[in-house]
Amino acid sequence: MNNPREDTSALRVDGGRLWSRLEALGEIGAVAGPNGERGCARLALTDSDRDGRDLVVGWMHDLGLAVTIDAVGNVVATRQGSDATAAPVMIGSHIDTVRTGGRFDGNLGVLAGLEVIETLEQYGIATRHPVSVAFFTDEEGARFQPDMLGSLVYVGGMALEDALDVRATDDGARLGDELARIGYAGPTPCPAAAAPHAYVELHIEQGPVLEDEGVTVGAVTGVQGISWTELTIRGQSAHAGTTPMRLRHDAGYVAAAINAGIRAIAREMGGTQVATVGRCEFSPNLVNVIPATVLMTVDLRNTDEALLQKSESSFHTLCDRMASEEGVTIERRSLARFEPVEFDPAMIDLVETTARRLGHSTRRMPSGAGHDAQMLARVCPTSMIFVPSVDGLSHNIAEYTHPADITAGADVLLQVVLAKAEQH
Ligand code: HGY
Ligand code: MN
Ligand code: MN
């Protein structure tokens, strides 16, 4: 390798150092599986999220970075550039996880950002723009909806007060109270006073495409649209044995029909349409009682806004029909609604040409999952770098990405950041 102090195009990260940070963070909220899987459970603003935050903020301080915490708990750590007036190149992602999460979803993007900065420090590389690494609050939206909540507030897409008043789905806690309880209700105003110069996020693909095609790096073109709805189905509890089928108002049956119905909608639409019932809670949830109420969620996604609206319309027609046929009521509450996002063409080109220059196979692709990048794209040139997920698995404790792919993705991130930050 040429001397990277002179020729930074030869600069590479220390993949071992990055891997050991991933392992260390993965121990916080660790979940062990029966076959040796090692996942993570760090739901937003829980004690384990706090512990994960404390560990990463400690690393940020160890690197001598200027660390800010804003009013919704977003943390941004900045390495100074030579031009104090220049906006930072921001690297970011999240460190909260779903309850059955992995060690890479989100964590990789934040820790690779730390690795990029440590590499610049190690080789004494100065940049004109500052370089910052951020983790955003509650990207998953598993406990507090919507998802990408912290980055949405950061870019001015959701009022801070509305975010602080969101209630947790598990215990009803108020987001602002949980933020204060874990010590991350920060003093920095939110939304952010100024936009980054550019934003780039390294993330595992969380799907099967890269692995199926044997490609190392995904140059991400955008993020598909997301529609989350909570349904409260109210029927009539009655005796399972004495109530004739014609007299039933069975909320559980309607829930099952809606679940099967959205699968049929997705199958008929084809393309990128997906549909999921992730939560479904019966009450009173007893073997011999016809369910009185069901609380459930429906997640619909499509890369095309018009098709996403079509799937939503079919879903609501299904709900209306089932309510009428079974004589139940269905209360609907939107939990999240984001249109598809296209990333900046020049940033996509930069990711793709950088990956190729480093000798990695690459392909362009949209993201099926939501990411903080889709919010930062509202305020600055943005793209993402994907690396393969083994068996396409994520939101599963068996989530895994090979160390070589981790290092490849972080090297691409380093070189993209160097290009945007303008080595000085
Ligand atoms: O739901 C998502 O796509 C992301 O994991 N928040
Ligand atoms: Mn993620
Ligand atoms: Mn996720």
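Does His203 count as buried or exposed, and at what relative accessibility? In this predicted model, His203 counts as buried, at 1% relative accessibility.

Let me turn to the metal site. His203 coordinates the manganese ion (ligand 2) through NE2, together with His94 (NE2) and Asp105 (OD), at 2.1 to 2.3 Å. Along the chain, these donors follow the spacing H-x10-D-x97-H. His94 sits in the loop between β5 (89–93) and α3 (107–122), whereas His203 belongs to strand β7 (residues 198–204), so the two histidines tie together parts that are 109 residues apart in sequence. His94 is buried as well, with a relative accessible area of 0%. A further manganese ion (ligand 3) lies 3.6 Å from ligand 2, and Asp105 coordinates both.

The structure holds five aromatic pairs. In one of them, the ring centres of Trp19 and Phe104 are 5.7 Å apart and the planes meet at 40°, so this pair is tilted. Trp19 is in helix α1 (residues 15–26) and Phe104 in the loop between β5 and α3, 85 residues apart. Both residues are buried.

Phe104 also pairs with Tyr400: the centres are 5.8 Å apart and the planes stand at 90°, so the arrangement is edge-to-face. Tyr400 lies in the loop between β16 (382–387) and α12 (403–421), so the pair with Phe104 connects parts 296 residues apart in sequence. Tyr400 counts as partly exposed, at 27% relative accessibility. Trp19, Phe104 and Tyr400 form one aromatic cluster.

Finally, two arginines lie over ring faces: Arg21 over Trp59, at 5.3 Å from the ring centre, and Arg53 over Tyr184, at 4.8 Å.

Definitions and conventions:
Residues are numbered from 1 along each chain as its sequence is written. Chains are lettered from A and ligands numbered from 1 in the order in which they are written. This is a predicted model: local features need pLDDT of at least 70, side-chain atom pairs count only at pLDDT 80 or more; totals for chains, interfaces and linings use all residues. Side-chain values use heavy atoms; hydrogens and water are left out. Donors are N, O and S atoms within 2.8 Å of the metal (3.2 Å for Na, K and Ca); water is not among the atoms, so sites may look incomplete. Helices (H or I, at least four residues) and strands (E, at least two) are DSSP runs, numbered from the N terminus. Buried means under 20% relative accessible area, exposed over 50%, partly exposed in between (1.4 Å probe, protein chains only). Rings of Phe, Tyr and Trp (its six-membered ring) pair if their centres lie within 6.5 Å; planes under 30 degrees apart count as stacked, over 60 as edge-to-face and the rest as tilted. A charge sits over a ring if NZ of Lys or CZ of Arg is within 6 Å of the ring centre and within 35 degrees of the ring normal.
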